[in-house]
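Hello,

Here is the structure I promised to pass on to you. Please open it next to this email, and then read on for what I found in it.

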Amino acid sequence: MTDTYHIPAQLLANANRVVVFTGAGVSAESGIPTFRGRLSGLWERFEPSQLATPDAFMADPELVWGWYEWRRTLVCNAKPNAAHIAIAELAARVPRLTVVTQNVDDLHERAGSAGVLHLHGSLNAPRCFDCGASFPDAAMKPQEPDAGRRLAPPRCQHCSGMIRPGVVWFGESLPEQVFARAFEEASQCDLLLSIGTSGLVQPAAQIPALALAAGASVVHINPENVDSRMQNAYNLTGAAGEVMPELLRRAFSGSP
Ligand code: BJW
Ligand code: ZN
């Protein structure tokens with residue numbers, strides 16, 4: 001039987017610049033539902049166009065704010081899992097590590113990762129829909145999780161506009177500087193670990209391909225097989241919380 005860890009572990013042990021690129025799957029084992037997936041995908045139960053667009057917020061702000069408060073409560077009550085922890089530990093093992101995430105949770109930070117680039121914003125950064133003023137404390141106190149609870153968004157103290165979640169909805173631009181830095185890191189790394197993403201949402205989905213095109217190797221970590229027919233692309237098939245600690249063990253066993 002071939003050892004699927006052999007090449008990825010060697011690449012990791014020898015890499016100077018590593019990018020860890022994560023999606024919802026990295027938080028799945030912390031109990032945070034993914035977006036797309038037969039069993040736990042949020043979009044199986046909720047219609048994206050009714051929740052994750054500016055038009056949806058304008059049409060029914062209480063539905064959308066309530067839904068995000070439900071998700072924020074889930075994250076508040078969740079803990080980083082073995083994958084988040086392994087990624088945080090990796091920072092001490094390689095000369096340069098950049099964590100780029102599509103996730104709006106803070107589980108990488110709570111596991112100890114610093115300087116995480118959040119391409120799709122954060123549940124903890126509400127801002128005024130009208131004037132853009134930031135209201136980090138606008139979110140409600142954690143409550144009992146209830147997906148369907150309607151909640152009126154708080155109002156802006158400056159212009160009385162509605163406070164919205166600080167996430168990137170469909171049709172909105174990604175934060176320009178964060179996006180630019182992520183692209184730069186991906187185009188200059190030796191190795192990119194793409195963990196728990198379906199790779200369906202643009203422009204974030206271009207990041208692994210960009211790294212490959214710039215000469216890096218890419219390792220996909222996902223229970224579903226990701227198309228890795230490209231040269232220098234590899235699959236480690238499994239749950240991130242199992243694969244990541246094992247990959248680190250294989251790459252760095254013997255070193256302090
Ligand atoms: C595990 C696991 C375990 C499970 N271990 N793994 C047509 C073509 C191309 C592009 C477009 C198009 N039509 C429209 C667009 C643009 C659109 C887009 O890409 N749409 C596609 C869906 C078609 N993109 C945008 O609109 C973006 N903006 C933009 O393009 O601006 C320019 C523009 C301006 C004006 C008009 C048009 C364009 C913005 C995209 C913002 C995405 N936002 C969301 C919601 C954020 C807020 C919130 O959280 O509610 O971001 S959508 C959602 O998807 C979220 C995620 O970050 C993102 C990616 O999902 P992710 O992370 O990959 O999760 P899943 O669920 O898809 O996959 C989970 C994976 O984990 C699976 O593979 C599992 O197997 C795996 N897994 N357990 C490891 N234990
Ligand atoms: Zn305002």
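Ser 160 is partly exposed, with a relative accessibility of 46% (buried means under 20% relative accessible area, exposed over 50%, partly exposed in between, with a 1.4 Å probe and protein chains only). The place of Ser 160 is the loop between β4 and β5, and its phi is near 60°, a positive value in a residue other than glycine. Asn 232 also has a positive phi, near 70°; this residue sits in the loop between β7 and β8 (233-237) and is partly exposed at 31%. A cis peptide bond, with omega about 0°, joins Gln 202 and Pro 203, and Pro 203 belongs to the loop between β6 and α9 (206-213). Most residues other than glycine have a negative phi, and most peptide bonds are trans. Helices (H or I, at least four residues) and strands (E, at least two) are DSSP runs, numbered from the N terminus.

Before going further, some notes on the model. It is a predicted one, in which local features need pLDDT of at least 70 and side-chain atom pairs count only at pLDDT 80 or more, while totals for chains, interfaces and linings use all residues. Residues are numbered from 1 along each chain as its sequence is written, chains are lettered from A and ligands numbered from 1 in the order in which they are written, and side-chain values use heavy atoms, with hydrogens and water left out.

Now to the metal site. Which residues coordinate the zinc ion (ligand 2)? The SG atoms of Cys 128, Cys 131, Cys 156 and Cys 159 do, at 2.3 to 2.4 Å (donors are N, O and S atoms within 2.8 Å of the metal, or 3.2 Å for Na, K and Ca; water is not among the atoms, so sites may look incomplete). The angles between these four donor atoms run from 98 to 119°, so the arrangement is tetrahedral (for four donors, all angles between 85 and 135 degrees). Their spacing in sequence is C-x2-C-x24-C-x2-C. Because Cys 128 lies in strand β4 (residues 121-128) and Cys 159 in the loop between β4 and β5 (163-167), the pair ties together parts that are 31 residues apart in sequence. Cys 128 is buried at 1%, whereas Cys 159 is partly exposed at 33%.

α6 and α10 pack with their axes 7 Å apart, at an angle of about 30° (axes are lines fitted to C-alpha atoms, for helices over the stretch in contact, and angles run from 0 to 180 degrees between N-to-C directions). That makes the two helices α6 and α10 roughly parallel (angles under 35 degrees).

Enjoy looking around!

Definitions and conventions. Tetrahedral: all angles 85-135°; square planar, octahedral: opposite > 155°, others 65-115°. Parallel < 35°, antiparallel > 145°, perpendicular 65-115°, else oblique.
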